[in-house]
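I opened my notebook to go through this model bond by bond.

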Amino acid sequence: MASAARSLGVLAAACVAVLAVSGAAAPAPGRTITVRVDARDFAFTLSRTSVPAGSTVKFVVRNRGATTHDFVVTRKKRTRLLRPGQSQTITIAFPRKGRFAFLCSVSGHARLGMKGVFGVGVTAVEPPPPHKPPIDTSDVVSLTPIGETFDQPVLVTAPPSDPDDVFVVEQSGIVRLVRDGETQPVPYLDLRDKVIDEGESGLLSIAFAPDYAESGLFYAMFNAREGPYGDLQIAEFRRDPFEPDRADPSYERVVLTIPKPYENHNGGMLQFGPEGDLYVSVGDGDPGVLNKAGAFAQRLDVLLGDILRIDPRRGDPFSVPTDNPFVNVADARPEVWAYGLRNPWRFWIDPATNLLYVPDVGSTSREEINAVPNRGRGVNFGWPCFEGTVVFDATAMCRQALAPLLDYPRENGECAVIGGVVVRDDRLPALTGRYLYGDLCAGNVTAILVENGRVGASGDLGFKLPELTSFGVDGMGRVYVMSLQGGVYRLDPRN
């Protein structure tokens, strides 16, 4: 979904209006005409959409939606940000004929439908939407199985630039090394005695340090056998200096522990950014069993419902980059990079564009995908105020919340979005720069092209993988998909 924004709280959004004026010299000023404007989620209704040239128009704007909106007609005329139920009147003289674009300035609301054209002396005609060429992706890839059948595989990854090895993360607590397509007999890492493997809990992710070839360091995120609900733990491990096909069994350093308020909604992704810092996705910790749904997602004083950014190589046990958005902010944890998420199981940073893709698993009705620039620094993704583009909790306050790039309803067997990766595999030129995502229950995989904060084109890859759990990328940029049933597959060119 492109980076767009919506909010129930105080918004610091700005609005840009487009003025397209054509035509003739100004006639003499005419009468004042009142136009009633109802703002809803997410559309405007006007009592009339055109007036004679030379009219003065009194726009009586009322917010009848459940979140904050405004109304802008020219670069100089706009309402303030109106909370639900509030209203404001603005008066504009239109001395010339023309078509004047109006919109809501809250970032993302115009894209969702809060825009239109007001005609003065001409008919208000909406310009046709830009044509979105389809992506022909249905016959692009074939699935090549790798290794054997795995035990609940949840991630495939590899050290940077490694041409031979891939590592398969199993939820039970094992990381298996696959070399040249063959699973090695001895696990690379075995954390089964440290990991709770129940429901959504388990070994969730690993990430290799950018200098793994020299340092041998890598990091794992898992539900530890600590706390009543399996606290989240990020720990540092290293390659065995004497047996490089396995981790050193004598070395483990705990980097960060996050107490869990309930047993699920873990999030669970680790990825190093292009600047060398470690990004971490953490769920909100409770779907509403012991705490109100979304109780922690808008709080900056806890590490739940967030994307975190830390430097695990410096400090004791880690350091916080000084340009994190909430450093030195009162009552905020400096590790927080972005917030307002429900259960971000997988995210992806695309170094080529600096976009952060964050799918967020919905509660009951909508699945969403976010794509934000600057790797998402400081973004509020809006949970629990919104589930996708739909209001979820009208009593919650979500300051400067961002609307998703796209969302979709739970229908046709869909139940939970599975976040993927941006394809940078030279063997698959038709998919270059496309972001892949799927759905756990439906098993379909979709490729989208994001351009200027919007979905420029979209196409299905033409296969279904039952119980799709995750995507992965190896050291050469090749993409993998996997199933909770045990299969791991590489996306190869069909021809």
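**Disulfides**

I counted two disulfides, taking as a disulfide a pair of cysteine sulfur atoms within 2.5 Å. The model is a predicted one, so I kept local features to pLDDT of at least 70 and side-chain atom pairs to pLDDT 80 or more, while totals for chains, interfaces and linings use all residues. Residues are numbered from 1 along each chain as its sequence is written, and side-chain values use heavy atoms, with hydrogens and water left out.

How far apart are the sulfur atoms of Cys385 and Cys398? I found them 2.0 Å apart, and the two residues form a disulfide. The link of Cys385 and Cys398 is right-handed, with 100° about the S-S bond. Cys385 sits in the loop between β26 (366-372) and β27 (386-387), and Cys398 in the loop between β28 (390-391) and β29 (402-403), so this pair ties together parts 13 residues apart in sequence. For my labels, strands (E, at least two residues) and helices (H or I, at least four) are DSSP runs, numbered from the N terminus.

Buried or exposed: which is it for Cys385 and Cys398? Both Cys385 and Cys398 are buried. My scale is relative accessible area: buried is under 20%, exposed is over 50%, and partly exposed is in between (1.4 Å probe, protein chains only).

Next I looked up the other pair. Cys415 and Cys441 form a disulfide with their sulfur atoms 1.9 Å apart. The torsion about the S-S bond of Cys415 and Cys441 is about 85°, so this disulfide is right-handed. This pair links distant parts of the chain, 26 residues apart: Cys415 is in the loop between β30 (406-409) and β31 (417-422), and Cys441 is in the loop between β32 (435-439) and β33 (444-451). Cys441 counts as partly exposed because its relative accessibility is 44%.

With bonded cysteines counted along the chain, I noted the pattern 1-2, 3-4. I also checked Cys104, which is buried because its relative accessible area is 2%.

Which peptide bonds did I list as cis? The bond from Asp316 to Pro317 is cis, with omega near 5°. Pro317 is in the loop between β22 (306-310) and β23 (336-339). Another cis peptide bond joins Trp383 and Pro384, with omega about 10°, and Pro384 lies in the loop between β26 and β27.

Then I looked at phi. Gln152 has a positive phi, near 50°, and is in the loop between β10 (141-145) and β11 (153-157). Gln152 is partly exposed because its relative accessibility is 24%. Asp331 has a positive phi as well, near 60°, and is in the loop between β22 and β23. At 70% relative accessibility, Asp331 counts as exposed.

**A charged patch**

Which residues form the negative surface patch? I wrote down Asp151, Asp197, Glu198, Glu200 and Glu263. Patch residues have over 30% relative accessible area and no salt bridge, with like charges joined within 9 Å and nonpolar side chains (Val, Leu, Ile, Met, Phe, Trp, Tyr) within 5 Å. A salt bridge is a side-chain nitrogen of Lys or Arg within 4 Å of a carboxyl oxygen of Asp or Glu. Glu263 lies in the loop between β19 (253-258) and β20 (267-272), and is partly exposed because its relative accessible area is 42%.

Terms used: Areas by Shrake-Rupley, 256 points an atom, 1.4 Å probe, with all protein chains shown as cover. Lys, Arg positive; Asp, Glu negative; His and termini not counted. Charge placed at Lys NZ, Arg CZ, Asp CG, Glu CD.
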